[in-house]
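Biologist: I would like to learn how to read a model of two chains, beginning with the overall fold and then moving to the place where the chains meet. Could you take me through it step by step?

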Amino acid sequence: MTGLIGGSALVAVGILFIILGYIIYRGAPALNLAFFTERPAPLGQTGGGVLPAILGTLTMVGIGALIAIPVGVGAGIYLAEYGRGRFAEVVRFVADLLVGLPSIAIGAFVWAILVVRVVGGYNAFAGGVALAIIMVPIITRTVEEILKLVPNSLREASLALGTPRWKTILLVVLPVARGGILTGVILSLARAGGETAPLLLTALGNQFFFFRWSDPINTLQQPMAALPLQIYDYARSPYADSHTKAWGASLVLIIVIGILSIGVRLAVRRSNLQR
Amino acid sequence: MSKRPDIPTTVPVTHDAPKLETARLREGPGAGAASRGVEYDREVQGDLRREPPVPTQRGGDPIATRPGDTGLTRTHEIEKSAYSVVAKQVSAWYGGDKPAIKDVSMTFEANRVTALIGPSGCGKSTFLRCLNRMHEETSGRARVEGEILLADQNIYGKGVDPVRVRRFIGMIFQKPNPFPMMSIYDNVVAGLKLNGMRRRADLDEIVERSLRGAALWNEVKDKLKASGASLSGGQQQRLCIARTIAVEPEVILMDEPCSALDPISTYKIEELIGELRTKYTVVIVTHNMQQASRVADYTAFMLAGDEGYGELVEYGETQQIFTNPRDKRTEDYITGRFG
């Protein structure tokens, strides 16, 4: 019995390492300086890089995070600390549904609203909004679960000192739960960073540098590249060189998400030490 | 924070200081606030001594619910007159139709220690939590009926902010619960800081005074920056007491404060409780009858009857309860015949 369970654990961990190893094996040959600093070469030509895709992914995940973190954390706090009635039940149920909603459906919805009606063309902002919709329920449910783990005795200690409930949550409960909340946020960032389907219908992808940050409004109204879209384009092409680049871009995506996760953790730890 | 109308109230001070004070459960610094470091008014209005109201007796039961006021040797000088608390026919529910306690009426004398004893499930902790409106925090359906008068003002009255009630009536819990992310220093001033008081010089003074008041100063004065969680269980409980007295309450409620502690820590807390009565009114729930007889001036015995809800059986001076109980059920309990 122990052997069976141990074997399951081995398979679970093994798959991760096999995938990671294989991507490194296939993708590493594509990596060079140009791959990180140049825009993609036309299909069929060698050389070029994925810099627009890296910037695009960071931009749209950033927009998604800006929208999703306040909404998700707020909803999570509501469910854990105030959510007692029927409304809370509905919110919880809908959040669960939203987690399981196919991301292509979310993409289609955002396309119908933001792409077709509001902006009138594929655009980066719509991509960010689609990613935010994917992130919100993940953050909400993680934050709720984490806050429920905070011992009630701490809330009581604070309330018994004559502290209002909102201050108790903000200054006593949230600091204790910060690590867990962060995990939820990182989880959602990683999930959003790897999403392809909703971006296909919203940001579309872009082979060129189109980042004029002096004019962010214009930039966000244009189609934007993203790593998953770039991987998709490369993988569909018939050229062996493009396939190598697809593997390379996959590796870059994993690295970008890894750096993002570690970066967020470090930033929070530093602000923690300075207090 | 919700605004509420001021309710001026008269305060009977029955010991040592025959004067009438006015307290307002409202915000804003007042005349006496600066010296006490808290935000409420206390105006001395004249010298009038009033008898505490006589609580109603339970239906037909001849047992007095209020103890006599004489015959106790006082071992401590009263430094500050605290408020008394009067409970009038308090019933509490956790939800549903069945109450956890029903029609409990008793007076907690100012500057005295009152112990609530009784078997598990008799509702003594529930009753204690009603006294500073913590009961309603347990769930959305918990509710309380009856009146609880702090200085003649009903804390369940219309428009009374439970948050402000809890600044007057502090609470110590069964398990020591210092804030784990805070230092010893920050734990002591947590109640003040959480409510906006940040003057550094004042805080330093309050920290020392509160830790001395909780008999913890000598043990921690060299490591105030250390985490509150690094202390032993008994020290943590005294830290929680320091945190409570830092906000200068009138009444301190203790919910089995020693049940998680070793005998030596328990002894120190019991000694401390004796000193606390010089400034505060203390109510302590305990499973330990020896503890009640050691620390309490008055003792109340509660019991869950056949109907399932807890009620007050007998209330009197501790010595009388333990040596000459009037009720058969009290006698059975203290002699260990049931429970």
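**Reading the interface**

Modeller: Let us start with one contact between the chains, keeping in mind that this is a predicted model. B:Arg129 forms a salt bridge with A:Glu156, and the closest N and O atoms of the two are 2.9 Å apart.

Biologist: Which helices does that pair connect?

Modeller: The pair crosses between chains, running from A:Glu156 in helix α7 of chain A to B:Arg129 in helix α2 (residues 124-130) of chain B.

Biologist: How many salt bridges are there between chain A and chain B, and how many over all chains?

Modeller: Between chain A and chain B the count is 2 salt bridges, while over all chains it comes to 23. For polar contacts, the count between chain A and chain B is 5 residue pairs, with both residues at pLDDT 80 or more.

Biologist: Which helices of chain A supply the side that touches chain B?

Modeller: Helices α7 (152-160) and α8 (165-193) of chain A each supply at least two residues of that side. By class, the side of chain A that touches chain B has 10 nonpolar, 4 polar and 5 charged residues.

Biologist: How should I read the extent of the interface?

Modeller: One can look at contacts and at buried area, the latter being accessible area that the two parts lose on being put together. Here, 19 residues of chain A are in contact with 27 residues of chain B. Chain A and chain B bury about 1,900 Å² between them, with 64% of it on carbon and sulfur atoms.

Biologist: Which residues of chain A lose the most area to chain B?

Modeller: They are A:Glu156, A:Ala160 and A:Leu161, which together account for 30% of what that side buries. A:Glu156 is also the residue whose side chain meets that of B:Arg129 in the salt bridge.

Biologist: And what does the fold of chain A look like, in helices and strands?

Modeller: Chain A has 12 helices and 0 strands, and its C-alpha atoms fill a box of roughly 70 × 55 × 40 Å, taken along the principal axes.

Biologist: Where is there a nonpolar surface patch, and which residues make it?

Modeller: A:Leu66, A:Ile67, A:Val71 and A:Phe125 make a nonpolar surface patch of about 360 Å². Helix α3 (residues 51-82) of chain A gives the largest share of the patch, 3 residues, and A:Ile67 lies in that helix.

Conventions:
Residues numbered from 1 in each chain as written. Chains lettered and ligands numbered in written order. Heavy atoms only, no water. Contact = heavy atoms within 4.5 Å. Buried area = accessible area lost by both parts, 1.4 Å probe. Salt bridge = Lys/Arg side-chain N within 4 Å of Asp/Glu carboxyl O. Polar contact = N/O pair within 3.5 Å; in protein donor to acceptor, adjacent residues only side chain to side chain. Helix = DSSP H or I, 4+ residues; strand = E, 2+ residues; numbered from the N terminus. Nonpolar A, V, L, I, M, F, W, Y, C, P; charged D, E, K, R; others polar. Patch = residues over 30% accessible without salt bridge, like charges linked within 9 Å, V, L, I, M, F, W, Y side chains within 5 Å. Areas by Shrake-Rupley, 256 points an atom, 1.4 Å probe, with all protein chains shown as cover.
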